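I opened my notebook to look up a few things in a structure, one entry at a time. Come and read along with me.

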Amino acid sequence: MHEQQENGELKRTMKTRHLIMLSLGGVIGTGLFFNTGYIISTTGAAGTLLAYLIGALVVWLVMQCLGELSVAMPVTGAFHVYAARYIGPATGYTVAWLYWLTWTVALGSSFTAAGFCMQYWFPHVPVWLWSALFCVVIFCLNAISTRFFAEGEFWFSLVKVATIIIFIILGCGVISGFIPMKDGSPSPGLSNLTSEGWFPYGGLPILMTMVAVNFAFSGTELIGIAAGETENPHQAIPVAIRATIARLILFFIGTVFVLAALIPANVAGVEKSPFVLVFEKIGIPYAADIFNFVILTAILSAANSGLYASGRMLWSLANEKTLPGCFARVNKQGVPLIALSVSMLGGLLALLSSVIAPDTVFVALSAISGFAVVAVWLSICASHFVFRRRHLQSGKPSSSLQYRAPWYPLVPVLGFVLCLMACIGLAFDPEQRIALYCGLPFVALCYGVYFLTHKTKLKEADYAAD
């Protein structure tokens with residue numbers, strides 16, 4: 001199980017608890033901590049709850065599809081391998097680069113944000129110094145071994161999960177009146193949920209914010225990325241998927257319920273983080289320091305997961321012969337160091353762009369990042385639809401699959417339609433429309449590069465044959 005694997009293969013050293021925390025760590029981050037205020041101010045309290053319930057449904061649908069695929073074929077860099085096999089090699093290539101870019105851009109923004117967190121305590125130390133320090137820490141966590149990375153992510157995620165649970169308990173205490181407000185005012189109860197009507201801005205804002213909601217849920221698919229490095233994937237993946245989805249729905253819906261109940265819609269979005277506002281209302285001593293530490297942990301956890309995911313995508317592209325073989329090399333610990341290093345360089349470039357051209361390059365890259373997550377989910381649903389259809393056409397019963405998504409073909413079709421609607425919703429939001437302007441040309445560029453390089457390789461093969 002732990003023996004050194006040859007020919008650039010990765011080691012299976014992750015356990016079920018690592019998979020669960022890796023997935024939760026990728027999800028519970030800036031999307032939940034910061035985007036929720038924007039969504040409350042855009043859709044209203046009840047609209048936000050509905051948007052997150054739809055988001056939870058989308059995650060459940062996508063993860064059911066991914067679960068069946070990853071148990072049947074537990075490979076690292078799962079999504080693009082499935083997309084290449086069941087949709088087309090050009091689509092697989094494009095999906096891999098979209099996902100690589102998602103996490104590489106997230107690395108740059110994460111290191112910048114971590115530097116700002118440290119400035120809260122050390123205002124005279126420049127941000128770039130902290131960013132450089134965290135670059136080294138996160139790279140070392142990933143470079144030593146996959147097991148070392150997984151343990152680091154386990155503890156990072158544990159801090160976030162514990163904070164979310166405490167937040168929900170305290171928030172429910174304030175809503176019910178068991179915990180008094182800091183200023184002595186009466187508990188708002190559930191009045192903020194309906195004070196401006198159930199949907200004060202109509203239904204369109206819910207559609208407009210679905211990509212932001214889906215982006216907040218992004219990271220669950222890391223289970224598929226890690227499938228190739230997991231002990232007993234046939235047993236571990238189904239357990240991890242069920243546990244992750246249950247916890248996500250509880251954490252996200254519970255958290256959003258507390259935020260929407262305690263923060264009026266006209267105040268949300270103005271504050272830097274809605275969580276800080278709630279902690280101030282409750283009057284917890286040193287709330288700002290506590291929450292600053294939690295945000296720092298969340299950011300480093302996201303960077304840790306992001307470097308892992310982007311490095312594995314490059315390794316997988318090389319393993320599938322669409323990138324030079326050097327990216328598929330691993331060291332004695334089974335870590336693809338070259339792929340990790342290039343991904344870290346990509347993160348540093350995103351970090352530089354956020355300083356040099358924050359209004360142009362970095363905004364465009366971040367927009368592509370949000371669009372890319374939903375595009376990857378679309379490919380997972382489409383791959384599963386074709387996989388199951390081919391499985392049945394080959395004469396094998398669905399009962400022969402070790403993990404089956406229920407209600408086929410409804411699950412992949414509904415997942416695909418809801419993801420597509422989220423992308424369409426971007427067109428109606430001027431603030432997020434740039435995601436389409438940047439994302440669609442990037443997809444076209446990936447397809448163009450693939451067909452160009454593929455044609456060149458075919459010509460070279462023909463010359464070699466002559």
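**Ground rules.** I am working with a predicted model, where local features need pLDDT of at least 70, side-chain atom pairs count only at pLDDT 80 or more, and totals for chains, interfaces and linings use all residues. Residues are numbered from 1 along each chain as its sequence is written, and side-chain values use heavy atoms, with hydrogens and water left out.

**Core.** I looked up the largest nonpolar core and found 129 residues in it. Such a core is a set of buried Ala, Val, Leu, Ile, Met, Phe, Trp, Tyr and Cys residues joined through side-chain atoms within 4.5 Å. I noted that buried means under 20% relative accessible area, exposed over 50%, and partly exposed in between (1.4 Å probe, protein chains only). Tyr52, Phe79 and Trp377 have the most contacts inside this core. Its largest share, 17 residues, comes from helix H5 (residues 89-121). Helices here are DSSP runs (H or I, at least four residues), numbered from the N terminus.

Next I turned to helix H12, residues 233-262. Its 30 residues reach 42 Å from first C-alpha to last, close to the expected 44 Å; that expected span is 1.5 Å times one less than the number of residues. I also saw that H12 is mostly covered, with 21 of its 30 residues buried.

**Cysteines.** How many disulfides does the structure hold? I found zero, counting a pair of cysteine sulfur atoms within 2.5 Å as a disulfide. For Cys419, the nearest cysteine sulfur is that of Cys381, 5.2 Å away. Cys419 is buried at 0% relative accessibility, and Cys438 is buried with 17%.

**Salt bridge.** I counted one salt bridge, meaning a side-chain nitrogen of Lys or Arg within 4 Å of a carboxyl oxygen of Asp or Glu. Glu68 pairs with Arg388, and their closest N and O atoms are 2.6 Å apart. Glu68 lies in helix H3 (residues 45-72) and Arg388 in helix H16 (residues 361-393), so the pair ties together parts 320 residues apart in sequence. Both Glu68 and Arg388 are buried.

**Two partly exposed residues.** I found Ile290 in helix H14 (residues 287-319), partly exposed at 45% relative accessibility. Ile290 and Thr163 are 127 residues apart in sequence, yet 9.6 Å apart in space, C-alpha to C-alpha. I also looked up Leu420, which is in helix H17 and is partly exposed at 38%.
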